[in-house]
Amino acid sequence: WPYCRKHCSYCGFNKYVVPAVDEAAVRACLVRETQTLLRIGHVRSVTSVFFGGGTPSLAAPHTVAAVLEAAAAVAHLSDGAEVTLEANPGSADPERLSGFRAAGVNRLSLGVQSLDDAELRLLGREHTAAEARAAAEAARKLFPGRTSLDLMFGLPGQSLAGWARGLEAALGLCDDHLSLYQLTLERGTALEARVRRGDLPEPPEELLADMYLSARAVLAAAGFHQYEVSNFCRKGARSTHNLSYWRAEQYVGVGPGAHGRFVPWGEGGRQREARVQTPHPDAWMREVRSRGHGTRRRAVLSALEQTQEVLALGLRTEEGVTQRVSAGRQRAPRPRTPTDGRSHPKQRWELFSPRRSLEAVFGAPGEARELQERGWLRLNRR
């Protein structure tokens, strides 16, 4: 869902602020592209759905329901599948959230970003700290145990003490999942331009590191387990959908600017492709109407490129990248190819690199060995 009410000062995502949205037209195209791409991928089962943006909470619940119904008409969408919606506090009142729950959403990711009004103004957010608190409380009632809060740190002028206060305030509000993101000053954004001109200070790297490490300690003391670089949960409330990205599983991207990674069996493909949908909504809708989908770019991923993604994503997680399942555990059935189907999380490397083991790659003399000796890389016998 690429539409927003305003441009946040830090955001470099594919988003559009328009006077009015023809939601019926967008909905019809989302439904058609969903079904087209699922058929191209010969998808039998949809294990999770994530509505991102933009600001998906500006869409009508009927639009969300229509996309889910479209997916269920082509592939099996189980009652227990995780269905997450990103929401901004400014469009997350209880009545609207109830509509999304009735539409099939069972997990909410709330973009709080900060609980300080001055920081929210700096970020160009449309909501206040009070509205963020009200939205978080409403979300927790409707999605108990399945509400996540997003927080940002490393803002220009932000102090370590200020970050600590904000984190403590968030702990008093949050459910069982938190995502902490260090601000990236993206080229072309208003905030990056102000820092580049010298109007705002760029946070020193040592301060950023202190903010991150202190947050890890605070969250650990509060019972949160860090399962990925930016993500923390308790009571097992991990994001199933995001774990699929980090485990290099297949996913279909639907909508303007969406990305996907899947094997297009329906078009005669036998290898995983990286796909990017046309970014601008109007152009995307024209393409969906004419050929069923708006894929603008597609590239077959080589074995090396897929292995690089397995490493780059897997090293973000606490489980890391493992050669094979531990002794005594049942091995998952081997797919027909390394790109077909879901792999056991402990088998990813072996599926994508059947000829070269982890030890052959990282245990050899050279840079990898030096990294091990310096304590930056750990390779055990798994």
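Colleague: When do two strands pair in this predicted model, and over how many bridges do β3 and β4 pair?

Modeller: In this predicted model, two strands pair if DSSP finds at least two bridges between them. Strand β3, residues 107-113, meets that condition with β4 in the parallel sense. The number of bridges between β3 and β4 is four.

Colleague: Which residue of β4 is the bridge partner of Ser109, and which residue of β5 is the partner of Leu149?

Modeller: Strand β5, residues 177-182, runs parallel to β4 and is joined to β4 by six bridges. For Ser109, the bridge partner in β4 is Ser148. For Leu149, the bridge partner in β5 is Leu178.

Colleague: Are the residues on the two faces of β4 buried or exposed?

Modeller: In a regular strand, side chains alternate between the two faces of the sheet. One side of β4 carries Thr147, Leu149, Leu151 and Phe153, and the other carries Ser148, Asp150 and Met152. Seven of the seven residues of β4 fall under 20% relative accessible area, so the strand is largely enclosed by the rest of the structure. On both faces, these residues are buried.

Colleague: What is the radius of gyration of the protein?

Modeller: The protein has 14 helices and ten strands. For 382 residues the globule rule gives 21 Å, and the protein's value is close to this, so the protein is as compact as a globular protein of that length. Its radius of gyration is 22 Å.

Colleague: What percentage of the contacts with a separation of 6 or more involves residues 24 or more positions apart?

Modeller: Contacts here are pairs with heavy atoms within 4.5 Å. Among those with a separation of 6 or more, the share from residues 24 or more positions apart is 67%.

Terms used
Residues numbered from 1 in each chain as written. Predicted model: local features only at pLDDT ≥ 70, side-chain atom pairs only at ≥ 80, totals over all residues. Heavy atoms only, no water. Rg over C-alpha atoms; globule rule 2.2 N^0.38 Å. Buried < 20%, exposed > 50% of the residue type's maximum accessible area, 1.4 Å probe, protein only.
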